[in-house]
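Visitor: I have a model open and would like to learn how to read it. Please walk me through a few features.

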Amino acid sequence: KHIKKRDSAVSNKGISLNFSIKHRESISSDNQYQKVSIAWQKVKSEIERVAIPKRSEYAFVKAKVTNGSFAPLLAGKVHVFYNGSFVNTSNVDYINPEEVFEVPIGIDESIKLHREIVPLDAKTQGLFKKKTIRRFGYSIKIKNYKREEARVRVLDQVPVSKKKEIQIDTLLVEPKIACNKYFRKTGFVEVDLVLGPGEEKI
């Protein structure tokens, strides 16, 4: 959106960038590492919550950030703050102006999930060459413990057979999955949910 004053200038030398700071700084002569602020900036960002119930009972939070400044962001370590509190330390690659990048924030313990296998039935068919058919399902329960609405992308996977002798048919997926083509090839299911305050969905 905009760069707050302190002023700084950037010159692109082709293989390097020079940041010129247009104000004075006091540098201690004690041979210790010291940080100097170049500029502050506000950037556009979108918060995403992704839940993988097969791996964790909580949703993961990440931010999609657009570098809307006149200058690139140099690769290195970043300290991530969320709602005014420090949450973690991460790393970013070299980010060009107007480039979109992701910053992991951490887990959201107010979005809780429970995944379980639900056995249905099993039967054997055939006289000479017998085959066994087993039916089972996966039930995923997700609850929003926040006092506000939450959007969550749930990622899960149904079994995929790599042998001709084993055939897997998916009979029913609810709610409707986001991308059928992606689902049929890999077994991944991707569902976007909107949960109201305190709402639970199965």
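**Strands and sheet**

Guide: Start with a strand pair. Strands β9 (residues 100–125) and β10 (residues 131–144) run antiparallel and are joined by 14 bridges. Within that pair, His114 stands opposite Lys141 in β10. Strands are DSSP runs of E, at least two residues, numbered from the N terminus. Two strands pair if DSSP finds at least two bridges between them. This is a predicted model: local features need pLDDT of at least 70, side-chain atom pairs need 80 or more, and totals for chains, interfaces and linings use all residues. Residues are numbered from 1 along each chain as its sequence is written, and side-chain values use heavy atoms, without hydrogens and water.

Visitor: What is the strand order in the open sheet of seven strands?

Guide: Strands of a sheet pair through backbone hydrogen bonds, either parallel or antiparallel. Here the order is β12-β11-β5-β6-β9-β10-β13, with mixed pairing. β12 (188–195) and β13 (200–201) are the edge strands, each pairing on one side only.

Visitor: How many aromatic pairs are there?

Guide: Rings of Phe, Tyr and Trp (its six-membered ring) pair if their centres lie within 6.5 Å; planes under 30 degrees apart are stacked, over 60 edge-to-face, the rest tilted. The count is one aromatic pair. Phe81 and Phe86 sit edge-to-face, 5.5 Å centre to centre, with 65 degrees between the planes.

Visitor: Is Phe81 buried or exposed?

Guide: Buried means under 20% relative accessible area, exposed over 50%, partly exposed in between (1.4 Å probe, protein chains only). Phe81 is exposed at 53%. Phe86 is partly exposed at 45%.

Definitions and conventions
Helices (H or I, at least four residues) and strands (E, at least two) are DSSP runs, numbered from the N terminus.
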